[in-house]
Amino acid sequence: GDDAAIINNGNHRTLLTTDLLLEGIHFDLIYFPLKHLGYKAAIVNFSDIYAMGGTPQQITVSLGISQRFSVEDLDEFYSGVKLACQLYGVDIVGGDTSASLTGFTISITCVGIANEQEIVYRNGAKDTDLICVTGDLGAAYMGLQLLEREKAVFDGQTNADFSPDFAGKEYLLERQLKPEARKDIIAELKKVNIQPTSMIDISDGLSSDLLHICTQSNVGCRIYEERLPIDYQTAMMAETFNLNVTTVALNGGDDYELLFTLPAGVEPP
């Protein structure tokens with residue numbers, strides 16, 4: 001029920017998580033560069049380990065590949081995986097490949113490590129705890145909407161010189177195509193000796209992931225709309241699409257920020 005499984009290895013705990021990404025369900029290669037896809041596929045696994053208070057150490061990468069992909073395409077994908085591993089200090093230690101009849105399939109398993117006393121679960125939140133997030137919400141979803149809009153425009157074009165309208169919206173695109181795991185926040189929490197009472201990463205949206213914490217901690221919650229962290233570009237793009245920005249922030253998903261609870265009176269870093 002947590003972001004990663006925990007294996008008792010005596011003096012420390014091993015954390016284990018896996019993610020499956022399917023073409024047509026989790027990504028669209030019409031607008032998702034393979035290098036970015038490789039980077040994101042690794043990052044979403046790292047984020048699960050950080051959400052437990054651990055440190056990712058190794059990954060294995062397994063791929064299902066259809067015949068339309070060249071060796072150069074796979075090199076591009078792996079360059080993104082390797083970049084993420086280089087930046088986060090993680091080793092690629094194995095994997096597998098197979099032919100696929102249904103497009104591109106990605107399965108990554110990540111192994112992390114943590115001291116038993118530093119592991120944070122989803123079931124420790126208390127009635128009077130503060131609810132904290134590590135960054136703004138909804139930008140990744142609006143980046144996805146922007147990409148889908150330009151894809152629809154492209155599909156209706158007969159002009160081969162079509163150029164998508166992304167000017168001034170780079171932040172939204174980055175949040176969708178190149179998210180980051182919040183390694184920095186975990187380091188800062190440990191630096192100031194603050195241990196969250198519960199924690200999860202926001203992959204499905206604030207409302208859904210907060211509900212996981214509430215259910216497993218057997219508590220309710222109260223969110224104040226005016227305190228939701230929303231970037232200016234997110235608000236402007238939501239207005240363009242005639243979407244309620246609060247709904248976007250609560251339900252968008254793919255933010256990969258950390259959602260955690262702290263006892264009242266503790267100042268977040």
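How many bridges join strand β1 to strand β2, and do the two strands run parallel or antiparallel? Four bridges link β1 (residues 5–8) with β2 (residues 13–22), and the pair runs antiparallel. Isoleucine 6 has leucine 15 in β2 as its bridge partner. The two strands make a hairpin with four residues between them. In the turn, glycine 10 has a positive phi of about 85 degrees.

**Overall form**

The model is predicted. Its chain contains eight helices and eight strands. The C-alpha atoms occupy a box of roughly 60 × 45 × 30 Å along the principal axes. Among the contacts in the chain with a separation of 6 or more, 85% are between residues 24 or more positions apart.

**Nonpolar cores**

The largest nonpolar core has 50 residues, and those with the most contacts inside it are Phe46, Ile59, Phe77, Phe104 and Ile106. Helix α1 (residues 34–50) gives the largest share of this core, nine residues. A second, separate core has twelve residues, including Ala125, Ile202, Cys214 and Val219.

Which residues does phenylalanine 46 contact, once its neighbours within four places in sequence are left aside? The contacts of phenylalanine 46 are Pro56, Ile59, Ala84, Cys85, Tyr88, Val90, Cys110 and Ala181.

**Strand β7**

Strand β7 covers residues 198–201, and all of them are buried. Ser198 and Ile200 point one way, whereas Met199 and Asp201 point the other way. In a regular strand the side chains alternate between the two faces of the sheet. Strand β8 (residues 258–262) is joined to β7 by four bridges, and the two run antiparallel. Isoleucine 200 stands opposite leucine 259 in β8.

| α5 | 183–191 | Ile185, Ile186, Leu189 | 100 degrees |

The buried residues of α5 are Ile185, Ile186 and Leu189. Their arc is only 100 degrees, so they lie on the same side of α5. The elements that cover these buried residues include α1, β7 and β8. After α5 comes asparagine 193, with a positive phi near 60 degrees.

Which residue caps the N-terminal end of α7? Aspartate 231 does, with a side-chain oxygen 2.9 Å from the backbone nitrogen of glutamine 233. Beyond the other end, α7 is followed by asparagine 242, whose phi is positive and near 60 degrees.

Glutamine 233, whose backbone nitrogen takes part in the cap, is located in helix α7. Is glutamine 233 buried, partly exposed or exposed? Its relative accessible area is 23%; buried means under 20% and exposed over 50%, so glutamine 233 is partly exposed. Not counting residues up to four places away in sequence, glutamine 233 touches Gly168, Lys169, Glu170, Tyr171 and Leu172. The C-alpha atom of glutamine 233 is separated by 27 Å from that of leucine 87, and the two residues are 146 residues apart along the chain.

Glutamine 67 is found in the loop between β3 (55–65) and α2 (71–88). With a relative accessible area of 82%, glutamine 67 is exposed, as the cut-off for exposed is over 50%. Glutamine 67 and phenylalanine 104 are 37 residues apart along the chain, and their C-alpha atoms are separated by 9.8 Å.

Conventions. Residues are numbered from 1 along each chain as its sequence is written. This is a predicted model: local features need pLDDT of at least 70, side-chain atom pairs count only at pLDDT 80 or more; totals for chains, interfaces and linings use all residues. Side-chain values use heavy atoms; hydrogens and water are left out. A polar contact is a pair of N or O atoms within 3.5 Å; within protein, one must be able to donate a hydrogen and the other to accept it, and residues adjacent in sequence count only if both atoms are side-chain atoms. Buried means under 20% relative accessible area, exposed over 50%, partly exposed in between (1.4 Å probe, protein chains only). Two strands pair if DSSP finds at least two bridges between them. A nonpolar core is a set of buried Ala, Val, Leu, Ile, Met, Phe, Trp, Tyr and Cys residues joined through side-chain atoms within 4.5 Å. Contact means heavy atoms within 4.5 Å. The arc is that of the directions from the helix axis to the C-beta atoms.
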